[in-house]
Amino acid sequence: MARKIDNDKIARIKAATMKTIVENGIEATTIAMIAKNAEVSGGYLYRTYKGKQDLINELYYDKVNSLYKELDFLLALNQTSVRPLIESFIQNRVIYFLNEPIASKFFYQLLHNENFLASDEIKFKSSELMKRIKNIGVNSGEISPSTTIYQLHYHILIYSVDYINFTRKNIFGEQEVTINDVKSLTDNILKILK
């Protein structure tokens, strides 16, 4: 007989995973810590996931899939220019950070963890999206034909996340992340891609 999945527990496990990793780092986080923070037994967690990496992979896959769906939607709205696509995408990252700081910091940590590798499916989806964006950008004159798919991926998907998290640290004590950063980030990315 199949076990019933408790969606409330799964949501607590995912939230606890992100919070625990943000507070302790990926390597230092254990299944026991996640289970305690999610207020579930370790046994329940292991019945649902093979281990910490399985749980992290699912969270990463969910987040990246939602980003790709968002980009796909924005591409459907912007067939002749990449500026509105990039600007909307960055605006959504800033709003996401302001509304979901733990989830945003978690995703940032995954992006910069050398032990974490994206699946072939995610790599393929990313490559296909970047090719579509490049095609629109080259046709509109906003992106240089010599810009690579790797450069597009970094500057569209990672640059804004890096900027937001760097600014969040407020190293120089003079700036916080605001929605006003969207235009300057968009301008910077388009200058780099040209």
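I take the expected span of a helix as 1.5 Å times one less than its number of residues. I am working from a predicted model.

**Entry: α7**

I looked up the length of α7 first. This helix has 21 residues. From first C-alpha to last, α7 reaches 30 Å, close to the expected 30 Å.

Next I asked which residues of α7 are buried. I noted I122, S126, L129, M130, I133, I136 and G137. They lie on the same side of α7, because they cover an arc of only 120° around the axis. I then checked the face turned away from that buried side, and found the exposed residues D120, F124 and N139 there. Just after α7, I found G141 with a positive phi of about 80°.

**Entry: largest pocket**

I read off a volume of about 480 Å³ for the largest pocket. I counted 21 lining residues, and the closest to the pocket centre are Y68, A118, K123, S126 and H153. S126 is also on my list of buried residues in α7.

Which helices each supply at least two residues of the lining? I have α4 (52-77), α6 (101-111), α7 (120-140) and α8 (149-169). α8 gives the most, with 5 residues. I sorted the lining by type: 15 nonpolar, 4 polar and 2 charged.

**Entry: E39**

I went to the loop between α2 (31-38) and α3 (42-48), where E39 is found. E39 has a positive phi of about 60°, although it is not a glycine. Is E39 buried or exposed? I put E39 down as exposed, because its relative accessibility is 66% and the cut-off for exposed is over 50%.

Note on methods:
Residues numbered from 1 in each chain as written. Predicted model: local features only at pLDDT ≥ 70, side-chain atom pairs only at ≥ 80, totals over all residues. Heavy atoms only, no water. Helix = DSSP H or I, 4+ residues; strand = E, 2+ residues; numbered from the N terminus. Buried < 20%, exposed > 50% of the residue type's maximum accessible area, 1.4 Å probe, protein only. 1 Å grid on protein atoms, 1.4 Å probe; cavity = no way out; pocket = protein on both sides within 12 Å on 5 of 7 lines; lining within 4 Å. Points joined across faces, edges and corners; volume = space filled by probe spheres on them. Nonpolar A, V, L, I, M, F, W, Y, C, P; charged D, E, K, R; others polar. Arc of directions from axis to C-beta.
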